[in-house]
Amino acid sequence: MSDDSRPPQAGATIAVVIPAAGRGVRLGPGAPKALRTLNGTPMLIHAVRAMAASRAVSLVVVVAPPDGAAEVKTLLDAHALPGGSPAGGTDFLVVPGGDTRQESVRLGLDALPPGIDLVLVHDAARPLVPVDTVDAVIGAVRAGAPAVVPAMPLADTVKQVGPAGEPGAPEPVVATPERALLRAVQTPQGFDRATLVRAHETVTDDVTDDAGMVERLGVPVVVVPGHEEAFKVTRPLDLVLAEAVLARRRANDGF
Ligand code: CTP
Ligand code: MG
């Protein structure tokens with residue numbers, strides 16, 4: 001695997017903000033989504049490990065459910081995390097989140113110490129992203145892109161619809177964008193820190209990803225290849241898929 005690969009750029013000062021404060025309404029009743037387990041380990045811990053697996057990452061800021069910050073701190077202490085050595089290891093911070101993902105990310109950014117020049121934002125709900133994808137995003141930001149998103153081509157054709165004539169009636173299709181030009185975006189998304197902070201200070205529209213906020217500033221955003229294992233755990237079937245991916249990894253490399 002990538003164990004002997006070098007970080008994208010030695011000396012980079014990189015932090016990851018992990019928004020993990022959502023309830024997970026679409027997953028159904030239960031604990032906050034990030035604390036639900038995959039093969040016995042909380043999704044958030046898988047996500048934190050995926051980030052700390054990149055040697056370029058020096059700090060991980062977890063944005064916890066507002067009433068769950070203490071529980072999250074306990075979880076992080078209880079689980080062995082890579083890079084824990086005092087020299088060159090990964091530091092961890094936990095802050096309480098907000099009502100929207102956007103607000104949670106902003107609270108995470110507010111907690112960053114000086115000296116961080118590159119920030120990744122990674123959903124706790126994407127616990128299985130491979131480290132090579134993380135390093136590809138970091139590499140592209142280090143190469144000069146102010147904003148980088150990992151993305152996948154679409155399997156399904158996408159239709160744009162208009163409002164239904166009356167509630168419950170079929171929605172009319174108004175357009176079919178050319179599928180080859182569309183990408184489904186994932187995380188971690190990587191940014192020049194100052195650019196992302198400016199986006200969060202100035203963009204107030206509802207946007208579902210951080211790169212979308214940077215786009216509104218008129219700053220260019222680029223795409224690097226994503227990975228099928230970086231899918232977002234959203235609905236119950238995604239839990240089944242995530243545990244299957246973990247089982248396949250175990251079978252393949254004894255991890
Ligand atoms: N998130 C957050 N703060 C919020 C809402 C979401 O930190 N107020 C985080 C989630 O914890 C998740 C990521 O943003 O890691 C992506 O959001 P999503 O997958 O939509 O998670 P939820 O909002 O928890 O799920 P749902 O929309 O089904 O309620
Ligand atoms: Mg949500």
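Trainee: Which residues of H1 are buried?

Mentor: Buried means under 20% relative accessible area. In this predicted model, the buried residues of H1 are Met43, Leu44, Ile45, His46, Ala47, Val48, Ala50, Met51 and Ala52. That is nine of the ten residues of H1, a helix that is mostly covered.

Trainee: Which residues of H7 are buried, and what covers them?

Mentor: Asp238, Leu239, Ala242, Val245 and Leu246 are the buried residues of H7. Viewed down the helix axis, they fall within an arc of 120°, so they line one face of H7. Their cover includes helix H1 (43-52) and strand S2 (37-38). On the face turned away from the buried side, H7 carries the exposed residues Leu237, Val240, Ala251 and Asn252.

Trainee: What salt bridges does Glu229 form with Arg248 and Arg249?

Mentor: Side chains of opposite charge can pair when their charged atoms come close. For Glu229 and Arg248, the closest N and O atoms are 2.6 Å apart. Glu229 lies in the loop between strand S12 (222-225) and H7, and Arg248 in helix H7, so this pair ties together parts 19 residues apart in sequence. The salt bridge of Arg249 with Glu229 has an N to O distance of 2.8 Å. Glu229 is buried, at 10% relative accessible area, while Arg248 is partly exposed at 41%.

Trainee: Where do Arg101 and Asp123 lie?

Mentor: These two side chains meet in a salt bridge of 2.9 Å, N to O. Arg101 is in helix H3 (residues 101-110) and Asp123 in the loop between strand S6 (118-121) and helix H4 (131-142), 22 residues apart. Arg101 and Asp123 also belong to a salt-bridge network with Arg126 and Asp210.

Definitions and conventions:
Residues are numbered from 1 along each chain as its sequence is written. Chains are lettered from A and ligands numbered from 1 in the order in which they are written. This is a predicted model: local features need pLDDT of at least 70, side-chain atom pairs count only at pLDDT 80 or more; totals for chains, interfaces and linings use all residues. Side-chain values use heavy atoms; hydrogens and water are left out. Buried means under 20% relative accessible area, exposed over 50%, partly exposed in between (1.4 Å probe, protein chains only). Helices (H or I, at least four residues) and strands (E, at least two) are DSSP runs, numbered from the N terminus. The arc is that of the directions from the helix axis to the C-beta atoms. Contact means heavy atoms within 4.5 Å. A salt bridge is a side-chain nitrogen of Lys or Arg within 4 Å of a carboxyl oxygen of Asp or Glu.
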